[in-house]
Amino acid sequence: MDTSLHTIAVVGLGTMGTGIAEVLARAGHEVVGVDVSAAAVRRAVAALEASTARAVERGRITGEERRATLARFRASGDLTTAAGADLVIEVVSESYEAKQRVFRELDAIVRPTAILATGTNALSVTRLAAESAHPERVLGMHFFHPAPAMKLVEVVSSVLTAPAAVEAVTALARELGKEPVAVGDRPGFVADGLLFGYLNQAAAMYESRYASREDIDAAMRLGCGLPMGPLALLDLIGVDTARTVLEAMHSASHDRLHAPSPILRQLSDAGLTGRKAGRGFYTYAAADTAEVVPDSLTPQPVAPQGMGRQVRSVGIAGSGTMASGIAEVFAKAGYEVVLAARSARKAEDARSRIAASLARSVDKGRITAEAGARTLARIVTADALDAFAEADLVLEAVAEDLEVKRELFAALDKVCRPGAVLATTTSSLPVVACARATARPQDVIGLHFFNPAPAMKLVEVVRTVLTSDDVHTTGRAVIATLKKHPVDCTDRAGFIVNALLFPYLNNAVKMVGEHYASPDDIDAAMRLGGGYPMGPFELLDTVGLDVSLAIEKALHREFRDPGLAPAPLLEHLVAAGCLGRKTGRGFREYARR
């Protein structure tokens with residue numbers, strides 16, 4: 001097999017094919033672009049000219065390099081122009097019929113030693129290879145959109161693929177400045193195998209009217225640091241493409257989490273396929289544009305049903321990182337804060353932690369020394385709940401244990417004044433169970449802050465069936481005064497963020513447990529291919545495997561879906577005391593402090 005890849009053909013000159021052709025041509029390869037559509041050929045040539053012109057304007061390449069790049073690219077509507085290619089990458093429509101037709105035609109055109117790569121992100125490479133006269137030369141080379149910018153390339157081999165072909169394509173990916181990850185042949189591979197399950201759940205969440213599209217997207221951007229919310233990402237990928245990928249995944253896994261949400265079919269059948277159509281989950285100014293325009297589903301400013309309650313003083317129950325972070329946030333916003341812990345020492349330790357955080361902010365120039373001193377002066381400590389007697393709002397940030405929280409709410413019910421708002425910061429437990437521990441369930445709400453509270457902008461505002469309108473209004477209004485972004489959700493396990501995040505993390509653990517990929521490769525795939533700030537195993541070790549397992553169990557109890565059952569490997573690591581960074585070992589080992 002010839003492994004020198006000088007001339008490369010790209011079959012299919014849509015957005016992805018054109019992007020791959022640009023990457024190859026700029027790297028010095030002779031590129032033949034092929035598409036049966038004359039219009040697609042013209043668009044590809046124009047796109048390459050425009051893209052390289054922008055690169056010159058931004059100083060990324062010289063004018064001479066641009067001319068050389070354009071000279072290395074030839075576009076044609078005739079597949080026979082690929083005859084001299086050392087490698088052919090097909091990126092035609094995501095269907096077996098279309099791809100198999102291309103492979104059959106290529107068998108009669110290219111040399112027997114040429115490598116054939118499919119750019120599929122969901123279909124079986126083995127099934128495609130079986131249609132070729134030389135299955136040993138067929139593999140997957142899955143680029144990510146946009147190809148010039150995204151660093152990840154998944155190199156997918158079937159049981160039939162020759163090692164020399166894998167080595168050649170892997171070397172090519174590195175030469176292009178990409179990060180190749182070797183994976184086996186299963187629908188979705190690594191990145192899309194994790195990504196599309198998450199996107200599907202977000203679509204189902206929206207379809208059930210659990211939360212608005214804007215709140216779902218804001219929650220995942222602000223709560224997880226993702227570059228795009230899931231519904232906006234579905235529109236970018238294409239709703240029809242997502243449906244095809246999920247159908248392929250479901251046919252292999254039979255996991256209900258991969259069964260395409262009905263709304264994906266409804267939108268696809270209606271031609272509302274996302275940005276390319278000008279409308280999907282959102283409405284766009286025009287087809288193929290990113291500008292979202294208001295439509296009938298866009299939230300309108302609505303005057304509250306009744307005035308919210310006045311909040312000037314705030315009580316925080318707890319002494320851990322979350323409690324001290326929330327106390328700092330409220331004090332910075334001008335509220336008088338009482339921080340009560342189980343002992344005076346614990347309360348003072350929490351206040352010292354706040355002082356240290358404020359000092360760091362002063363050192364970094366984020367606040368003045370005077371502002372830091374005023375903030376700290378607004379925080380007083382106590383070792384008894386009686387200190388909350390006059391507080392207008394009391395938030396608990398104690399252990400994530402329902403009985404502990406219920407006992408605390410029962411005690412707060414006795415000491416807090418009538419009309420005080422009582423809030424839990426739980427991330428997964430039922431808020432209504434805390435509310436029922438009091439004689440005033442209408443005054444109880446969930447305000448789920450994210451860690452670290454001073455930095456994270458998101459707060460999930462969780463309303464139970466018993467929460468009164470004015471308490472809900474108060475909760476949203478208070479969060480707005482903290483310069484945080486409130487998103488509304490009702491009282492079910494995981495709320496928005498954890499309900500979408502932890503099944504994705506659990507599926508990553510299942511991949512490792514099934515020996516499909518390593519934690520390092522999966523982390524690289526999600527950082528480089530999905531734009532995630534952290535890979536799933538880096539995140540699991542940071543959150544704590546015990547915390548993650550507890551949330552997984554809560555989701556499984558609530559929804560009774562077998563696909564949400566905690567991965568056995570996660571349970572085994574927790575049982576062994578390997579809880580992540582805090583114990584020095586989780587999915588990776590860490591130096592003890």
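Author: In this predicted model, the count comes to five aromatic pairs. Take Phe330 and Phe449 to begin with. Their ring centres are 6.2 Å apart, and the planes meet at 55°. Planes under 30 degrees apart would be stacked and those over 60 edge-to-face, so this pair is tilted. The two partners come from distant parts of the chain. Phe330 belongs to helix α12 (residues 321–332). Phe449 belongs to strand β16 (residues 444–449). They are 119 residues apart.

Phe330 has 0%, so it is buried. Phe449 has 3%, so Phe449 is buried too.

Now turn to Phe537 and Phe587. This aromatic pair is edge-to-face. The centres lie 4.7 Å from each other, with 65° between the planes. Again, distant parts of the chain are linked. Phe537 sits in helix α20 (residues 536–543). Phe587 sits in the segment after α22 (568–575). Phe537 counts as buried because its relative accessibility is 0%. Phe587, at 15%, also counts as buried.

Arg127 places its charged end over the ring of Tyr96, 3.6 Å from the ring's centre. Arg186 lies over the face of Tyr516. There the distance to the ring centre is 4.4 Å.

Terms used
Residues are numbered from 1 along each chain as its sequence is written. This is a predicted model: local features need pLDDT of at least 70, side-chain atom pairs count only at pLDDT 80 or more; totals for chains, interfaces and linings use all residues. Side-chain values use heavy atoms; hydrogens and water are left out. Rings of Phe, Tyr and Trp (its six-membered ring) pair if their centres lie within 6.5 Å; planes under 30 degrees apart count as stacked, over 60 as edge-to-face and the rest as tilted. Helices (H or I, at least four residues) and strands (E, at least two) are DSSP runs, numbered from the N terminus. Buried means under 20% relative accessible area, exposed over 50%, partly exposed in between (1.4 Å probe, protein chains only). A charge sits over a ring if NZ of Lys or CZ of Arg is within 6 Å of the ring centre and within 35 degrees of the ring normal.
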